[in-house]
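Hello,

I am handing over the structure we discussed. The sequence and the coordinates come first, and what I found in them follows.

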Amino acid sequence: MDHEALALEMRGLREQVAGITDTAVAAADGLLIAVDTADTADSIEPEGIAALAAAGLGLARRTAEATGRGALSRTVTYGSHGCAAVYAVGETALMVVVADEGTDVDQLHRATQPALRRIDAILTGQATTATG
């Protein structure tokens, strides 16, 4: 796996969408693979967030299946100070994006889609360049 390419994708997403403070990529079982934070006092605790996100994504996938809604693509948790979005990266990984209050979540979802495809290619060894 190209860790430098993965870090560039995560940092690029944080720089592309105003309000993103942290991103993390983890295996579907919650094992942290990579993290990119804004290095503030409010930055996430990566290992804990990865584990929580994996558990939440697993529940959401089962809920989508049980209700016949198709394949799960993301979950978003809103709080009084912002949101945390968890995206499926293929079948074996996930990405957590933490953003401040006021972040344009629609823009976040649009910007994340191509990044997720490139991150999946990096994780599966199918990326041909640093930007996929």
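Predicted model: local features only at pLDDT ≥ 70, side-chain atom pairs only at ≥ 80, totals over all residues.

Overall dimensions

The chain has a radius of gyration of 14 Å, and this agrees with the value near 14 Å that a compact globule of 132 residues would have. Along the principal axes, the C-alpha atoms fill a box of roughly 40 × 35 × 25 Å. Of the 132 residues, 39% count as buried.

Helix α3

α3 covers residues 105–123, 19 residues in total, and spans 25 Å from its first C-alpha to its last, close to the 27 Å expected at 1.5 Å a residue. The helix is bent by about 30 degrees at T112, and a proline, P114, follows within four residues. At the start of α3, a side-chain oxygen of D104 comes to within 3.2 Å of the backbone nitrogen of D106. Just after the helix, G125 has a positive phi of about 75 degrees.

The buried residues of α3 are V105, L108, H109, A111, T112, A115, L116, I119, A121 and I122. Their cover includes the helix α1 (3–16) and the strands β1 (20–27), β3 (74–79), β4 (82–89) and β5 (93–100).

Because its relative accessibility is 0%, I119 counts as buried. Leaving aside neighbours within four places in sequence, I119 is in contact with L6, E9, V25, V89 and M95. The C-alpha atoms of I119 and D2 are separated by 10.0 Å, although the two residues lie 117 residues apart along the chain.

Cores

The largest nonpolar core has 19 residues, of which L6, L13, Y87, M95, V97 and L108 touch the most other members. At least two residues of this core come from each of α1, β1, β4, β5 and α3. The largest contribution is that of α3, with 5 residues. A second, separate core has 12 residues, among them A24, A50, A54 and V86.

M95 has contacts with L13, A24, V25, A85, V86, Y87, V89, T112, L116 and I119, not counting residues up to four places away in sequence. That list includes T112, where α3 bends, and also A24 and V86, which belong to the second core.

Strand β1

T23 sits in strand β1. With a relative accessibility of 0%, T23 counts as buried. Which residues does T23 touch, not counting those up to four places away in sequence? They are M10, A34, V35, D36, V96 and V97. Of these, V97 is also listed among the residues of the largest core that touch the most other members.

Regards

Methods
Residues numbered from 1 in each chain as written. Heavy atoms only, no water. Expected span 1.5 Å × (residues − 1). Bend = angle between axes of the 7 residues up to and from the residue. Buried < 20%, exposed > 50% of the residue type's maximum accessible area, 1.4 Å probe, protein only. Contact = heavy atoms within 4.5 Å. Polar contact = N/O pair within 3.5 Å; in protein donor to acceptor, adjacent residues only side chain to side chain. Core = buried A, V, L, I, M, F, W, Y, C linked by side-chain atoms within 4.5 Å. Rg over C-alpha atoms; globule rule 2.2 N^0.38 Å.
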